[in-house]
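The exercises below are meant to be worked through with the structure in view, and each is followed by its solution.

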Amino acid sequence: MKMPRAFKGPIERFGPRVLGPVFEIAKKVPFVRERIEREYAGMLRGMESELKPYRHDVPHYTSLPPEGRNREELLAVMRRLAEREDGRWKDGLASGAVYHGDDGHVAFLNQVYALSSQVNSLHADLWPSATKYEAEIVAMTAAMLGSEETTDDVCGTVTSGGTESILLAMKTYRDRAHRRHPQMVVPVTAHAAFDKAAQYFNIKMVRVPVDDTCRADVKAVRSAINRNTIVVVGSAPSFPHGAIDPIEEMSELARERGVGFHTDGCLGGFVLPWARRLGYNVPHFDFRLPGVTSVSADTHKYGYAAKGTSVILYRGKELRRHQYFAISDWPGGLYFSPTLAGSRPGALSAACWAALVSMGEDGYLRATKAIMETAATIRSGIMDIPGLRILGDPLWVIAFASDEFDIYRVLEEMAKKGWSLNGLHKPRAVHICVTLRHTQPGVAERFLDDLCAAVEAVRVQPITEGGIAPVYGMAATIPFRGAVTDLLRRYCDLLYEP
Ligand SMILES: Cc1ncc(COP(=O)(O)O)c(C=O)c1O
């Protein structure tokens, strides 16, 4: 999807404001639509072999086998697939993704999961153990995030992940506020889950810029708050640049104006309290600040639980009640559910509880120390590579960019060496989110050696045809964002192609 040169002038002049709607109208014309679809298909074809590597290797089902397959055979196949996929993340080649991953820890969580794989937390009468685990996960997370330093009752629920915690928090503020035109004030660097909440719950998203340290601009926050504002959001830290927004000032502004303040601690909730104890300069971001009225913190990231849990915390039960769903006139009986899901996987809560309790404070301190030290090595190594610069002043989520070459080509070269890093937009950058996998001996050194070699390769060959660099490049520059989101939706379609 190359942009003709002749378009560049008007595109730069009018930008997305004009061309976005023009694109939306143009694609309704059948031959234009056909042409666009062909372009999309061409771009996705290149990704298909990578996304569907097993099509010809293992049995393939598009309808149920007439007779159930032998369990041992199935296990053998599934073991083979897992073995093929385990290498990269176990060796620490992924940014984020798996946060602990030690064999012993994983085996322990699997044992716990097996004990309760049939448990549905919705049925508190059948499985009061699930209720115990969830209540204690919430209490332990709240205590870590300052509940003991406030007289307010900090409470919450266990959810399926960071996105659900954020969705629920935004819905909660919307339902509490009862505004006809609710708005949320959100830094541009906040996680996409806030955009999802805005779309799902019909809340207007008011974006505020960040400054050159990648932190939210407090002045812009002040002027963005109006009588329709239901909540202000800050990240601790943000996904793209690992920057901690000025939560103290932002939450005070929210408090003065009588609106809620949500700290997105999905990434940092289980790191920052321990980093502070270790002597790192960590500003307050949680319930120690009186203006903070909710915090999301992901147990399935640096809480080291299995995938599928997070915690959403609120200042006060009155606020939390707006999250719940309850219905009394359904023929199926009295029905209530505290979170988005109906039935909930009790085994994940059990494994989460076991992760928290088996780690303990000393475990989190040790893990955080190792991560901070490895991240410092990686950060200073990146700073020593000519042509790269670090964005902001990060602790362990390290974004780097270049003013000399296409950073997405570096991403591509790193991918060839097996690394799964994240490409960022606005500005163009790449990040690595350091986890315990990177603290294994030699991983940080390998990362830096590979990065040096990748930069050298890009200097020799700055442009390539195909690959991910042009796709990222297009997504970063194309003025009609509709084309990019269309492409992403087709990518979703591809995921569900058998
Ligand atoms: C800061 C932040 N918030 C929210 C999320 C969303 O979490 P999840 O992917 O668990 O839904 C992430 C995920 O990386 C994140 O980094």
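**Exercise 1.** Where does Tyr61 lie?

*Solution.* Tyr61 is found in the loop between helix H2 (30-51) and helix H3 (71-90), where helices are DSSP runs of H or I with at least four residues, strands are runs of E with at least two, and both are numbered from the N terminus. The model is predicted, so local features need pLDDT of at least 70 and side-chain atom pairs count only at pLDDT 80 or more, whereas totals for chains, interfaces and linings use all residues. Residues are numbered from 1 along each chain as its sequence is written, and side-chain values use heavy atoms, without hydrogens and water.

**Exercise 2.** Classify Tyr61 and Pro21 by accessibility.

*Solution.* Tyr61 counts as partly exposed because its relative accessibility is 38%; buried means under 20%, exposed over 50%, and partly exposed in between, with a 1.4 Å probe and protein chains only. Pro21, which lies in helix H1 (residues 5-26), is likewise partly exposed, at 43%.

**Exercise 3.** Describe the order of the open sheet and its edges.

*Solution.* The sheet has seven strands in the order S1-S7-S6-S5-S4-S2-S3, with mixed pairing, and two strands pair if DSSP finds at least two bridges between them. Strand S1 (154-159) and strand S3 (204-208) each have a single partner strand, so one side of each lacks a neighbour in the sheet.

**Exercise 4.** In which sense do S5 and S6 pair?

*Solution.* Strand S5 (residues 260-265) and strand S6 (residues 294-297) pair in the parallel sense over four bridges, and His262 stands opposite Ser294 in S6.
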